Amino acid sequence: MSPNKTKELARHRKERIWMWLQVLPVLTVLVVLFGGALVLAVMQSLGFAPWFGVNTFPDFSFFRALWGEWSFWYSLGLTLYYAIVSTLIALVMGIILALAMVRFFPGKTLYKYLYKLPLMIPYTVGIALAVIMLGNGGMLSRLMEFVGLIDDPSEFPQILKSHYGWGIIAVYVWKQTPFVTLTIYAVLLGVGRETEEAAAILGASKSQTFFQVTLPQILPGIISSTLIIFAFNIGAFEAPFILGGGYPDTLPVIAWRYFNDADYSLQLQGMATVVSIAMIAGIILYTYLALYRRYERKIGRN
Amino acid sequence: MAGRTIKTALNSRLSSFQKIYLLLIAGFILGPFIPLIIQSFAFRWAWPDMLPSTWWLEQREKSLLPLAWDYVISPYSRVWEATLNTMFIGTVVTVICLAICLPAARVLAREKFRGKAAFEFFLSMPLIVPEAAIGIALLMIFIRLGLAGTYTGIIIVHLIPTIPYMIRMLTAVYQGLGRDFEEQAMILGANRWQVMRLVTLPMLLPGVVAGALFTFLVSTNIFLLTFFLGQGKIITLPTLLFSKIAGGTLDASAAGITLVVTVPGIILLLITERFIKEEAFGKGFGN
């Protein structure tokens, strides 16, 4: 009995070791790169930078200097505003599109190629498109002259390079609506339409069917896709850099400016900015997920 | 066929609102490319003309090619260099990512162990931690290590955002595979190597191809990490385009480059649509 048991245990242990060996490469890459970057960023933002001759760890003065300026809070507001508005617009547009995609229509095969195009190309292409469409000398401006609304490019309402950021939001929405659509469409395909059909047979109205049957079913897709695009939008750099309204910029742009400043000591303030971005994103996303978990438990799903 | 004859309570056709909506979205997605294409063939196109006042074709004797395209194919534009860099980095990243993710995905799909949920959460962290934070933090380390501005550095950093996608897609593939087929082969007397070669690999292949294509796609689209860690020494298509439009204006040559940067995406779209099924994507991202 007992030799058998030890043999069994040994075999079990061997299997466990083999299992961890298989996971090890991925784990190493992520822990070293990702974890290492985060830990070092936090330490530097707290004054640990011996290579600049700065080592005042732990020192909260960089955070104090950063958070003490009104422009930081203005930047934070701008960053969140662009991220939230574009995520919401992309979500609504994506849901409507996904609901249409599950139906039959002529040319659906072609459409399935077409709507995914923005997913496949870099954000910089979207920015170029925004410039040619929405810039002061762009197509929209020409169109307004054509119908006689304006006589000069300068009269065109500033869409790009303003703090309202409609150019930035347009780029995000253009690029992310297909992502939301794809995720929700995939969930809808997995669920099938039987439950919707049952609801319809039982006499539910269209809006009842949507809010009480379809929406809870696609909720996991909504949560995961909005999490990903919201996190991306908070950390995005190129669109606010090119299309943004200048000082005060969004937080990632500020971090980059600090980091490239000729004054080395500002690099640590840049690190404090980076850590602030990660912290704020972390808090928001954690709250969002926690609320969702609570909702899932409430409706008895896990 | 029976399904067709049964009258369902649900309408499976589009409402007229949906028809208009689909058209509007198609216009929103593709429409902006039209002026871009026109721009790249224009000779003179000043505000407020809706179409160029002088097309390249009318000025053929002055320049053999449209000005934009003449510039794009010349070495001064560095388009060719950027394309090669993009393809090279994408390929290496895909191979490494596949090699390290395959075994891990196998474990995730088949084994149960303590801390598995936490581990899975950790693997998807790169998707939800802002890229700017990772980019700048890593740049500091890479400058110390002499990796900033090198291919090695960029390839390493591209692994971060690609791993979560690859892991999810491969785990879904392994889950769909199940163990039954491998066990049956073993019962029928196949050895481990035969099982691997004749059963597991052929069944995994479509999923692996899908994961590889998607990883390649993600890598070729990365801007921020390449821009921060490339230090201007290594240019890829997204960073090249960024430098052309950073001023906020778009001339004919920038329009041409924008179109060039779009091409790999179109090619990948045509290929991936055949390999990546919506359902598979949903399995990877539905939770």
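This is a predicted model: local features need pLDDT of at least 70, side-chain atom pairs count only at pLDDT 80 or more; totals for chains, interfaces and linings use all residues.
**Figure 1. Chain B and its overall make-up.** Chain B contains 14 helices and two strands. Of its 287 residues, 44% are buried. Where contacts in chain B link residues at least 6 apart in sequence, 74% of them join residues at least 24 apart.

**Figure 2. The two domains of chain A.** Chain A is divided into domain 1, covering residues 1–45, and domain 2, covering residues 62–298. A distance of 37 Å separates the C-alpha centres of domain 1 and domain 2 of chain A. Contact between these domains of chain A involves four residues of domain 1 and seven residues of domain 2. On the domain 1 side of this contact in chain A, two residues are nonpolar, two are polar and none is charged.

**Figure 3. The contact between chain A and chain B.** In this view, 79 residues of chain B are in contact with 83 residues of chain A. Helix α7 of chain B (residues 131–145) supplies the largest share of the chain B side, namely 10 residues. By class, the side of chain B that touches chain A comprises 58 nonpolar, 13 polar and eight charged residues.

**Figure 4. The largest nonpolar core.** The largest nonpolar core has 158 residues, and Val274(A) and Cys101(B) touch the most other members. Helix α8 of chain B (residues 151–177) contributes the largest share of this core, 15 residues. From chain A, both domain 1 (1–45) and domain 2 (62–298) provide at least three residues each to the core.

**Figure 5. The surroundings of Cys101(B) and Ile167(B).** Beyond its neighbours within four places in sequence, Cys101(B) is in contact with Val26(A) of the other chain and with Ile163(B), Met166(B), Ile167(B) and Leu170(B). Ile167(B) is part of helix α8 of chain B. This residue, Ile167(B), counts as buried because 24 C-beta neighbours lie inside 10 Å, where 20 or more are required. Once residues up to four places away in sequence are set aside, Ile167(B) touches Val26(A), Cys101(B), Ala104(B), Ala105(B) and Leu123(B).

**Figure 6. The crossing of helices α3 and α10 in chain A.** Two packed helices are described by the angle between their axes and the distance between the axes. The axes of helix α3 of chain A (residues 70–101) and helix α10 of chain A (residues 206–235) come within 9 Å and cross at roughly 145°. The crossing of α3(A) with α10(A) is right-handed. On the α3(A) side, the residues that meet α10(A) are Thr79(A), Tyr82(A), Ala83(A), Ser86(A), Thr87(A), Ala90(A) and Leu91(A). Their counterparts in α10(A) are Ile222(A), Thr226(A), Ile229(A), Phe230(A), Asn233(A) and Ile234(A). Eight residues of this contact between α3(A) and α10(A) are nonpolar, five are polar and none is charged.

**Figure 7. The loop residue Gln231(B).** Gln231(B) is located in the loop between helices α11 (224–230) and α12 (237–245) of chain B. Most residues other than glycine have a negative phi. Gln231(B), which is not glycine, has a positive phi near 55°. With 16 other C-beta atoms within 10 Å, Gln231(B) is partly exposed.

Notes. Residues are numbered from 1 along each chain as its sequence is written. Chains are lettered from A and ligands numbered from 1 in the order in which they are written. A nonpolar core is a set of buried Ala, Val, Leu, Ile, Met, Phe, Trp, Tyr and Cys residues joined through C-beta atoms within 7 Å. A residue is buried if 20 or more other C-beta atoms lie within 10 Å of its own, exposed if 12 or fewer, and partly exposed in between; C-beta atoms are placed from the backbone. Helices (H or I, at least four residues) and strands (E, at least two) are DSSP runs, numbered from the N terminus. Domain bounds come from an automatic or database domain assignment. Two residues are in contact if their C-beta atoms, placed from the backbone, lie within 7 Å. Axes are lines fitted to C-alpha atoms, for helices over the stretch in contact, and angles run from 0 to 180 degrees between N-to-C directions. A crossing is left-handed if the near helix is turned anticlockwise from the far one by less than a right angle, and right-handed if clockwise. Ala, Val, Leu, Ile, Met, Phe, Trp, Tyr, Cys and Pro count as nonpolar, Asp, Glu, Lys and Arg as charged, and the others, Gly among them, as polar.
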